[in-house]
Amino acid sequence: MASDRKQKQPNSIPITFFDDEESGAADDLEEGRDDEGASRPSPDDPTENERRAAGEVRSPGEGGPAVAELVATRAELKRLQAELSEAKEALVRRQADFDNYRKRIERERGEAYNRIVAEVAGKLLPVVDNLSRALEAERSVEAGESKEFRHFLHGVELISKQLNDLLESFGIQPIVAVGQRFDPHIHEAVVTEASDEHEPDTVISEMQRGYRIGDRLLRPSMVKVSARAEAPDDGE
């Protein structure tokens, strides 16, 4: 029967004695808590939203490995963006270098082509000159004497035309001289003749035709140039 009875709780109340300093600290601690035992916030303390905006308070589940992974992902993204920017700049530089290289190759190729054509033309032009002189001489002869002579003259004209077409296909152009103002860069004055019909320094006739290829002069035109006619002497 004694074991079935509940033990009676003592009616005594524990009493703890504090000195003056410990009593003051305990009073301060009690004042800082609310009725439920929680700490009372100070009016100067930031609110929870302000602390959350500052990053001091995180929602449940935030922090730890998730934050570390996010930071690492952002760092990797910045690195990839920097590499992409550098690759684009390198591509632009390579493209500019390639364009300059292509232009230089095309320029050198054109210069080499013109040089080779000029060498070949230098050997063909005397032949063209001789054919032109022969045609001028034959046209001055009475061509009605024989039919064979007319056929021969026509054949020479065809050969001369073929040579001129060949030179033109290589980009070689004759220099227009007769009737033009004398230009020492493309004309070579062989004879000067006083003339009242033409302005001074005008090309009257052409002794030898000049040629050029592009902007390059193969040979100048040998020409006759007009000069100012002398005024008659009133004393005579």
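The following questions and answers walk through a predicted model of one protein.

Visitor: What pattern does the protein follow, read along the sequence?
Guide: The model is predicted. The protein has four helices and six strands. Along the sequence, the order is α-α-α-α-β-β-β-β-β-β.

Visitor: How much of the protein's accessible surface belongs to carbon and sulfur atoms?
Guide: The accessible surface comes to about 19,500 Å². The share that belongs to carbon and sulfur atoms is 52%.

Visitor: What percentage of the residues in the protein is buried?
Guide: Buried here means under 20% relative accessible area. The protein has 236 residues. Of these, the buried ones make up 14%.

Visitor: What share of the contacts with a separation of 6 or more comes from residues 24 or more positions apart?
Guide: Contact means heavy atoms within 4.5 Å. Take the contacts in the protein with a separation of 6 or more. Residues 24 or more positions apart account for 59%.

Visitor: Is Ser-226 buried or exposed?
Guide: Ser-226 sits in strand S6, which covers residues 221–228. Its relative accessibility is 2%. The cut-off for buried is under 20%. Ser-226 therefore counts as buried.

Visitor: Which residues does Ser-226 touch, not counting those up to four places away in sequence?
Guide: Ser-226 belongs to strand S6. Leave aside residues up to four places away in sequence. Ser-226 then touches Glu-193, Ser-195, His-198, Glu-199, Pro-200, Asp-201, Thr-202 and Ile-204.

Visitor: How many salt bridges does a search of the whole structure find?
Guide: Side chains of opposite charge can pair when their charged atoms come close. The cut-off is a nitrogen of Lys or Arg within 4 Å of a carboxyl oxygen of Asp or Glu. A search of the whole structure finds 10.

Visitor: How far apart are the closest N and O atoms of Glu-76 and Arg-79?
Guide: Glu-76 and Arg-79 are three residues apart in helix H3 (residues 65–140), so about one helical turn separates them. Glu-76 is partly exposed at 36% relative accessibility. Arg-79 is partly exposed too, at 38%. They form a salt bridge, with the closest N and O atoms apart by 2.3 Å.

Visitor: Which residue meets Arg-102 in a salt bridge of 3.9 Å, N to O?
Guide: Arg-102 is partly exposed, with a relative accessible area of 34%. The 3.9 Å salt bridge joins Arg-102 to Asp-99.

Visitor: What is the N to O distance in the salt bridge of Glu-106 and Arg-102?
Guide: Glu-106 and Arg-102 both lie in helix H3, four residues apart, about one turn of the helix. Glu-106 is partly exposed at 45% relative accessibility. The side chains meet in a salt bridge, and the N to O distance is 3.5 Å.

Visitor: Which residues are joined into one network with Arg-79 by salt bridges that share partners?
Guide: Arg-79 forms a salt bridge with Glu-76. Salt bridges that share partners make one network. Besides Arg-79, that network holds Glu-76 and Glu-83.

Visitor: Where does Phe-170 lie?
Guide: Phe-170 is part of a nonpolar surface patch with Tyr-113 and Leu-166, about 260 Å² of accessible area together. Phe-170 counts as partly exposed, at 33% relative accessibility. Its place is the loop between helix H4 (147–169) and strand S1 (172–174).

Methods. Residues are numbered from 1 along each chain as its sequence is written. This is a predicted model: local features need pLDDT of at least 70, side-chain atom pairs count only at pLDDT 80 or more; totals for chains, interfaces and linings use all residues. Side-chain values use heavy atoms; hydrogens and water are left out. Helices (H or I, at least four residues) and strands (E, at least two) are DSSP runs, numbered from the N terminus. Buried means under 20% relative accessible area, exposed over 50%, partly exposed in between (1.4 Å probe, protein chains only). Accessible areas come from the Shrake-Rupley method with a 1.4 Å probe; for residues, only the protein chains shown count as cover. Patches are made of residues with over 30% relative accessible area and no salt bridge: like charges are joined within 9 Å, nonpolar side chains (Val, Leu, Ile, Met, Phe, Trp, Tyr) within 5 Å.
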